[in-house]
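This briefing covers salt bridges. Which residues pair up, and how exposed are they?

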Amino acid sequence: MPRQKRHTPTHADGRSMKITFGEMREMGLRGVLVYCHCGHHIALSADPWPDEMRLFDLEPRFICKGCGSRGADVRPDFGRGDQRLAILERKRGSTEAH
């Protein structure tokens, strides 16, 4: 029997609709990684955002402190609990990507 492809919901322009923060939390994930097209990135806690919000909904809200462009790619942080994989060190209240 052929394997069925999973259908990923998409927006009208074809971009995939990412999971909600609630769905992400159900998988035991508590953080997100935010990537700018210029290469800057940051790891953030997902706690401030409501369960019904999609990760995709946040993408246009980010402004890169490196290049100043608006928009980013937001993904679940699968390695958040592993300090060896941490990419963000919060000092002096900074949220700038390294």
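**Asp51 and Arg25**

Asp51 and Arg25 form a salt bridge, with 2.4 Å between the closest N and O atoms. The pair links distant parts of the chain, 26 residues apart. The model is predicted, and the count of salt bridges in it is 3.

- Asp51 lies in the loop between strand 2 (41-45) and helix 2 (55-58).
- Its partner Arg25 lies in helix 1 (residues 21-26).
- Arg25 is buried, because its relative accessible area of 16% falls under 20%.
- Asp51 is partly exposed, at 43% relative accessibility.

**Arg30 and Asp47**

- Arg30 forms a salt bridge with Asp47, and the closest N and O atoms are 2.7 Å apart.
- Arg30 counts as partly exposed, with 44% relative accessibility.
- Asp47 counts as partly exposed too, with 47%.

**Arg75 and Asp73**

- Arg75 pairs with Asp73 in a salt bridge, the closest N and O atoms being 2.6 Å apart.
- Arg75 has a relative accessible area of 40% and is partly exposed.
- Asp73 is at 24% relative accessibility. Asp73 therefore counts as partly exposed, since buried means under 20%.

Definitions and conventions. Residues numbered from 1 in each chain as written. Predicted model: local features only at pLDDT ≥ 70, side-chain atom pairs only at ≥ 80, totals over all residues. Heavy atoms only, no water. Salt bridge = Lys/Arg side-chain N within 4 Å of Asp/Glu carboxyl O. Helix = DSSP H or I, 4+ residues; strand = E, 2+ residues; numbered from the N terminus. Buried < 20%, exposed > 50% of the residue type's maximum accessible area, 1.4 Å probe, protein only.
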